[in-house]
Amino acid sequence: MFSPCLRGFSPGNPVSSHIPKTCMVVAVPDLFLTAVKLTHDKTGAQYLHAARDDPNNLFSVQFRTTPMDSTGVPHILEHTVLCGSQKYPCRDPFFKMLNRSLSTFMNAFTASDYTMYPFSTQNAKDFQNLLSVYLDAVFFPCLREQDFWQEGWRLENEDPTNSSSPLVFKGVVFNEMKGAFSDNESVYAQHLQNKLYPDHTYSVVSGGEPLAIPDLTWDQLKQFHATHYHPSNARFFTYGDLPLEQHLKQIDQEALSKFQRINPNTQVPSQPHWRNPREDHVTCSPDAMAPDASRQNTLCVSFLLGDITDTLEAFTLSLLSSLMTSGPNAPFYKALIEPKIGTDFSSVVGYDGSTKEASFSIGLQGMAEEDTEKVKSIIHQTISEIIKTGFEDERIEALLHKIEIQMKHQSTNFGLSLASYIASSWNHDGDPVELLQINDSVLKFRRALEENPHFLQEKVQYYFKENTHRLTLSMSPDESYLDKQASAEEKKLQEKIGTLSDSDRKDIYEKGLQLLDAQSKSQDASCLPALKVSDITPTIPVTPIHMTKAGGVPLQLCEQPTNGLVYFRAMCSLNTLPEDLKLYVPLFCSIITKMGCGSLDYRQQAQQMELRTGDMSVSPQVIPDCTHLDMFEQGVLLSSSCLERNLPNMFQLWGDIFNSPRFDDQERLRVLVMMSAQELANGIAYSGHMYAMTRAGHHLTPAGELLETFDGMEQVKFMKRIAEMSDLTPVIRMLPRIKKHLLNPNNMRCAINATPRQASESVALLESFLKDVAANRKQFKAVRSNVIERPLDVLNVSGASRKIVAEPNFQPCHMKTFFQLPFPVNFVSESIRTVPYSHQDYASLCVLGRMMTAKFLHGEIREKGGAYGGGAKMGGGGLFSFYSYRDPNSVQTLSAFSKGVDWAKSGKFNQQDIDEAKLSVFSAVDSPVAPSSKGMSVFLSGITDEMKQRHRERLFDVTRENLLDVAERYLSVGSKLCAVSILGPENDAIKKDPSWVVK
């Protein structure tokens with residue numbers, strides 16, 4: 001039986017003139033979908049539709065983009081096509097549609113060899129609107145020179161209004177790539193790909209190498225579009241429950257019917273195989289946050305594998321890669337990680353199927369230069385050892401079990417996951433339907449293993465032992481790396497300036513003023529389609545939850561169509577934990593499921609977790625109260641999932657963790673500490689804006705203070721100190737102390753999401769688990785005297801309750817903090833203390849944040865300032881935050897924030913602007929929730945469906961007067977309580993200003 005939208009469909013029996021004759025329909029029961037594969041007769045465009053009972057419909061179009069230089073042409077083109085098109089000539093329709101739609105996802109990606117434009121929405125009219133904008137953008141863009149300057153690169157006066165200020169490079173992609181190249185992991189991955197595939201498109205930087213970007217011309221950009229953005233070079237993918245026929249009709253009418261077939265000639269040839277292995281070396285910037293300053297080298301060995309369009313071979317190699325590298329039972333983990341030669345695997349590790357021919361990489365980061373030969377020799381010895389001994393059957397079963405869980409787990413963005421999963425292979429003419437039939441691959445893999453028990457060892461022999469296309473790449477820090485980059489950029493700049501005549505300079509100044517003028521003008525976006533506020537559903541669907549008790553512990557039961565999986569959570573309070581142990585909580589959470597428990601050592605524990613569960617994790621939680629800014633809940637959240645048949649095993653594993661966790665293995669702890677410290681240090685370059693916002697909120701609310709301790713720069717620095725300790729005995733002594741306070745059923749509430757059929761058995765098994773761990777019930781006194789008990793659901797006082805910490809005497813203070821880091825770009829944030837979720841002004845501040853971002857800050861911070869991103873948002877903890885991401889400016893961005901407030905107070909916005917901001921807020925409020933997560937907002941935060949409905953009604957009711965009022969009362973200079981934080985390169989102006997604290 002075909003899905004409803006394919007009624008009357010069968011291979012060779014198209015339902016209408018829009019459905020071409022070359023059509024294949026395949027049921028994929030494992031993923032609960034029907035796949036329809038089509039080819040457009042006139043242009044040869046390829047099309048795949050996945051019909052599935054899911055209202056979150058997705059569209060994506062991808063083009064094979066194969067640059068032959070590092071000017072970043074596909075990346076700059078991806079930005080520029082979204083700046084206006086024939087039907088929608090206004091500037092920046094992409095960003096404007098974010099506020100005219102209820103999309104659940106909108107973006108564009110540039111990969112090494114394709115560019116993809118996906119969106120998803122739950123609204124059928126919205127789908128048609130967005131499809132129209134996306135089709136016109138990619139096939140009929142304006143590609144104006146001014147947009148190329150703004151998004152790509154330009155020479156411009158540092159102050160565009162002053163012709164005697166120095167000329168500098170500007171541009172969004174230029175700054176974005178400077179930011180990307182400041183991250184050592186990205187630098188290493190880029191070099192590795194360029195050097196392993198040196199003969200064609202993979203030898204260049206598709207995103208753009210900062211010093212090569214200024215070589216790109218506007219004409220080259222237009223030429224690249226003409227040759228690559230054509231239906232004959234396109235692959236369309238749609239997903240969800242909307243009818244296919246409507247999609248095909250619209251795509252044909254608005255785009256495909258206007259083209260003839262061409263030969264795009266964008267195929268990527270196979271990389272010629274080397275006869276001999278190669279070695280190479282690159283340098284990077286030293287990392288101030290590295291766990292050990294004297295060990296910052298990386299070494300990795302990469303092997304070229306087979307073509308990714310061979311689905312079974314790709315599946316086998318991906319599985320083989322996991323067996324070799326994943327988790328403490330993997331041979332490379334034992335050989336490389338456990339001897340502590342490095343802090344973690346290299347940033348590129350395992351199977352990579354994102355290029356036409358896959359690769360496999362193995363190596364270490366955070367190692368000493370003198371260990372280079374040792375690491376090489378361990379890698380080759382380990383390969384020989386694998387060929388000799390193979391893999392245990394139980395490990396193979398654990399991986400196949402993981403695949404089964406991944407297929408059953410329902411995520412909210414399943415369409416997007418599918419689009420990304422098939423993109424690379426389909427890009428090189430692989431069969432996307434074959435890729436979706438994962439179970440077929442599993443069965444063929446099992447058969448191959450049965451027929452030949454040495455099947456996997458033979459693959460290792462062929463691809464790793466005998467493979468001469470092997471690259472060994474080392475990377476070491478260079479103290480003068482950033483200086484060299486800066487002087488190379490200066491040299492490039494002087495070369496460009498050196499060729500300029502006086503009239504060129506005048507021209508640059510005038511063009512700079514024209515661009516500034518265009519960026520400053522208010523935009524007429526009336527040509528763009530838009531939903532209306534009246535298109536938004538007035539009420540939310542109610543999630544039925546049942547509050548009960550199991551073994552004396554409060555339980556929230558939520559019956560959901562979970563596809564045969566059970567999801568378990570437990571929230572454990574931190575209220576009795578002594579203050580001196582707080583900083584250790586994130587470390588405790590990260591190691592508690594990885595050190596071994598009961599009769600299992602850490603290897604056996606990892607094996608059982610993989611065989612019996614989807615995952616088991618513990619994470620620190622700081623949950624601001626929804627009624628008061630100086631109240632919050634602190635705890636840790638236990639989360640796990642499993643197939644119904646494995647529920648007893650999952651609770652047995654949790655029982656062992658509660659009753660007899662193993663804390664005595666100092667060597668194991670050191671490995672986990674080093675990996676954790678390395679991961680935190682590596683994450684700053686990606687998430688600098690989050691660290692800046694967390695720091696800014698640190699002095700404004702008690703919850704913000706604890707959040708900085710758990711998730712902020714304070715935690716990064718703490719883990720660096722722990723990683724530097726030569727003896728971890730003091731840390732080991734802390735762990736049982738923390739455990740007795742946290743894993744205590746007296747301070748716990750539980751939640752289960754399962755199918756109605758499984759609910760009662762789940763509760764019974766939870767009860768026996770709670771009996772097993774009853775000895776851990778302890779009565780401790782709360783550390784702070786002011787703890788308030790409050791029911792989770794105010795309408796159900798007999799159900800679960802939360803113990804909230806109140807700090808009525810908390811004094812917020814204004815702080816300006818600067819973290820100097822080895823980046824060429826800044827991350828800037830200002831946070832302002834406002835109101836909690838249940839306050840009547842909260843909705844107005846949410847709308848104001850979206851409106852300021854879309855109508856003012858985007859233009860100031862990104863278009864004029866050249867940052868990759870920036871804006872304002874209202875946070876759940878009552879903090880209104882401004883932020884910028886990968887920003888060439890620092891203090892100037894702070895003045896853009898305050899200009900944004902002036903703009904809001906001056907009322908230079910109309911009803912259309914307010915309605916668009918509301919649409920944007922609602923697209924987030926109404927984003928889909930997976931069955932596994934239903935009921936979680938009440939379980940974690942005490943935010944009930946009734947409270948959400950009240951917030952919803954307040955959002956509908958926000959008026960112009962409300963927005964002017966909250967801007968004046970909360971964001972004005974005289975009345976605001978705020979703090980500021982910047983992460984970025986050395987900054988003389990800040991150093992000289994005594995009002996800043998420099999870290």
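A crossing is left-handed if the near helix is turned anticlockwise from the far one by less than a right angle, and right-handed if clockwise. This is a predicted model, in which local features need pLDDT of at least 70, side-chain atom pairs count only at pLDDT 80 or more, and totals for chains, interfaces and linings use all residues. Residues are numbered from 1 along each chain as its sequence is written, and side-chain values use heavy atoms, without hydrogens and water.

Q: Which hand has the crossing where α29 passes α31?
A: Helix α29 covers residues 911–925 and helix α31 residues 945–957 (DSSP runs of H or I, at least four residues). Their axes, lines fitted to C-alpha atoms over the stretch in contact, lie 10 Å apart. The crossing of α29 past α31 is left-handed.

Q: How are α29 and α31 oriented to each other?
A: The two helices pack at about 165°, an angle between N-to-C directions on a scale from 0 to 180 degrees. Since angles under 35 degrees count as roughly parallel, over 145 as roughly antiparallel, 65 to 115 as roughly perpendicular and the rest as oblique, α29 and α31 are therefore roughly antiparallel.

Q: Which residues of α31 does α29 meet?
A: From α29, the residues in contact (heavy atoms within 4.5 Å) are Lys918, Val921, Phe922 and Val925. Their partners in α31 are Arg952, Leu955, Phe956 and Asp957.

Q: Is Tyr134 buried or exposed?
A: Buried means under 20% relative accessible area, exposed over 50%, and partly exposed in between (1.4 Å probe, protein chains only). With a relative accessible area of 3%, Tyr134 is therefore buried.
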